[in-house]
Amino acid sequence: MGEQLWGGRFSKSTDEMINEFQASIQFDKRMYHEDIAGSIAHARMLAKCGIISDDDCLKITDGLKAILTDIETGTFDFSVDLEDIHMNIEKRLTDKIGEAGGRLHTARSRNDQVALDTHIYVRRETAAVSRLILELQKAFAETARKYSDVIMPGYTHLQRAQPILFSHHMLAYFSMLCRDFSRFEGVYDRCDIMPLGAGALAGTTFPIDRQLVADQLNFSSVYANSLDAVSDRDYIMEFLSSASILMIHLSRISEEIILWCSREFAFIELDDAHCTGSSMMPQKKNPDVSELVRGKTGRVIGHLMAMLTTVKGLPLAYNKDLQEDKEGLFDTIDTIKFSLAVYAQLIRGMKVNREIMLKAVREDFSNATDLADYLVKKGLPFRQAHAVSGKAVHYCIEQHKWLEDMTMEEFKKLSDLFEPDIKEAIKPETCVKNRDSYGGTSYNQTQIQLASAEEILLKQ
Ligand code: ARG
């Protein structure tokens, strides 16, 4: 049957339902640009190596450029019968330019072609994701700078623990995103290897020059093993796992944003333009963006699981299962790019309620560690100091007061090591100022962290 590009050995055309089932054009058409760029590089290499004529090469490259315009102007009809983007373009090329089009696929297989297209696609999108991560980091650094003296309770077990600077909290997010950035840099490096020239699996009988293709497409290196070149999906698994970790970070941030803008916390207020209302309850202002990002995290993790499971049992080299690599990948790319972009806006639009945050520190016992540390500095072993401070907290709970409200007399009853300077030592500002160990929450340390964050951003 002559219908399919590979129809020679068949005596029947493919069943219509099977055709639709096995096609990937519905989703791989988004790699049209990469497919055309790859084919142009391949054709030029074939001509340079004397495998096709210069004349044919010119016809092919002109034809491919015309197809690019057709696709971009919406006059290209994608056909499910032609299975994927590779065959759709090749068929159109042959229709356009005749015999020369039929020479393009010399020394090439769809197996190495799809690998090439996906590498180019993922490499470009990885760079785009990295830029968006930086943009969000910038939003966190700006917010940290804007609210650099705001004190809030730091939490463990979601119980108020010790006073911290709000900017310190923002910079923790910044640090998390630094690791995401570097993970995507790693993905980029392992994606930056050129697979074409592997043929279907074993290389080719033609005297090709793979480096020439790599140079034209700006790849740093060439796959050293043809079997590996067509069956490697590590870069996709790595992309998806880096994306999952990134989304987990955004999801943890979301959880805090959602809590903080609840009436119970009221630490922050989101911009009206970033929230939605309720169709029934007129008073509502909901943090949908954060909830959705938290929700979409599951979807991205799902794509990672699907990909790992798909590849897990596959023998070398190409298997059609590998076609399943794309939908989850594309959806992940769209999801993380969108999530990063909206998050940068959300953070920039966020307003901080400094009084409420400070009140949450004052009306609690998050200075109890500082009370103990005070006694340690006066010579008491930490364990005993901890017990004295615990007793002070217990006493205050019974008396309905806070540590800061205790009189000198009350302090003295607990330990004669207490002097009038205890009052100063347990003020929230002092608690923050004194945590001056490297990476700590003091104004000093936070400024150092902020300066280094800003320097990282400047360098990128
Ligand atoms: N549509 C296929 C994919 O996305 C392209 C490679 C097909 N190769 C093959 N021998 N069927 O993986």
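These legends describe close-up views of a predicted model.

**View 1. Eleven residues, listed by name below, form the shell around the ligand.**
Ser24, Asp28, Glu83 and Asp84 belong to this shell. So do Arg110, Asn111 and Val114. Tyr318, Lys320, Leu322 and Gln323 complete the set. By class, the shell holds five charged, three polar and three nonpolar residues. Helix H7, residues 110-146, is the element that gives the most, with three residues.

**View 2. The ligand lies between domain 1 and domain 2.**
Domain 1 spans 14-106. Domain 2 is made of 111-149 + 157-204 + 224-353. Both domains give residues to the shell around the ligand, so the ligand lies between them.

**View 3. Ala144 is a buried residue of helix H7.**
H7 also gives three residues to the shell around the ligand. Ala144 has 26 other C-beta atoms within 10 Å. A residue counts as buried at 20 or more such atoms, so Ala144 is classed as buried. Met170 is 26 residues from Ala144 in sequence. In space, the two lie 5.7 Å apart, C-alpha to C-alpha.

**View 4. Helix H11 crosses helix H12.**
H11 covers residues 234-260, and H12 covers residues 288-312. Their axes come within 8 Å and cross at roughly 160°. Angles over 145 degrees count as roughly antiparallel, so H11 is roughly antiparallel to H12. The crossing is left-handed. In the contact of H11 with H12, 16 residues are nonpolar, seven are polar and four are charged.

**View 5. Helix H12 also packs with helix H13.**
H13 runs over residues 325-349. The axes of H12 and H13 are 10 Å apart, and the angle is about 155°. H12 and H13 are therefore roughly antiparallel to each other. H12 passes H13 in a left-handed crossing. The crossing of H11 and H12 is left-handed too.

**View 6. Gly439 sits in the loop between helices H19 and H20.**
Helix H19 is 428-434, and helix H20 is 443-459. Is Gly439 buried, exposed or partly exposed? With 13 other C-beta atoms within 10 Å, Gly439 is partly exposed. His168 is 271 residues from Gly439 in sequence. Their C-alpha atoms are 9.1 Å apart in space.

Technical notes:
Residues numbered from 1 in each chain as written. Predicted model: local features only at pLDDT ≥ 70, side-chain atom pairs only at ≥ 80, totals over all residues. Near = placed C-beta within 6 Å. Helix = DSSP H or I, 4+ residues; strand = E, 2+ residues; numbered from the N terminus. Nonpolar A, V, L, I, M, F, W, Y, C, P; charged D, E, K, R; others polar. Domains from an automatic or database assignment. Buried ≥ 20, exposed ≤ 12 C-beta atoms within 10 Å, placed from the backbone. Axes fitted to C-alpha atoms, helices over the stretch in contact; angles between N-to-C directions. Parallel < 35°, antiparallel > 145°, perpendicular 65-115°, else oblique. Left-handed = near helix turned anticlockwise from the far one by under 90°.
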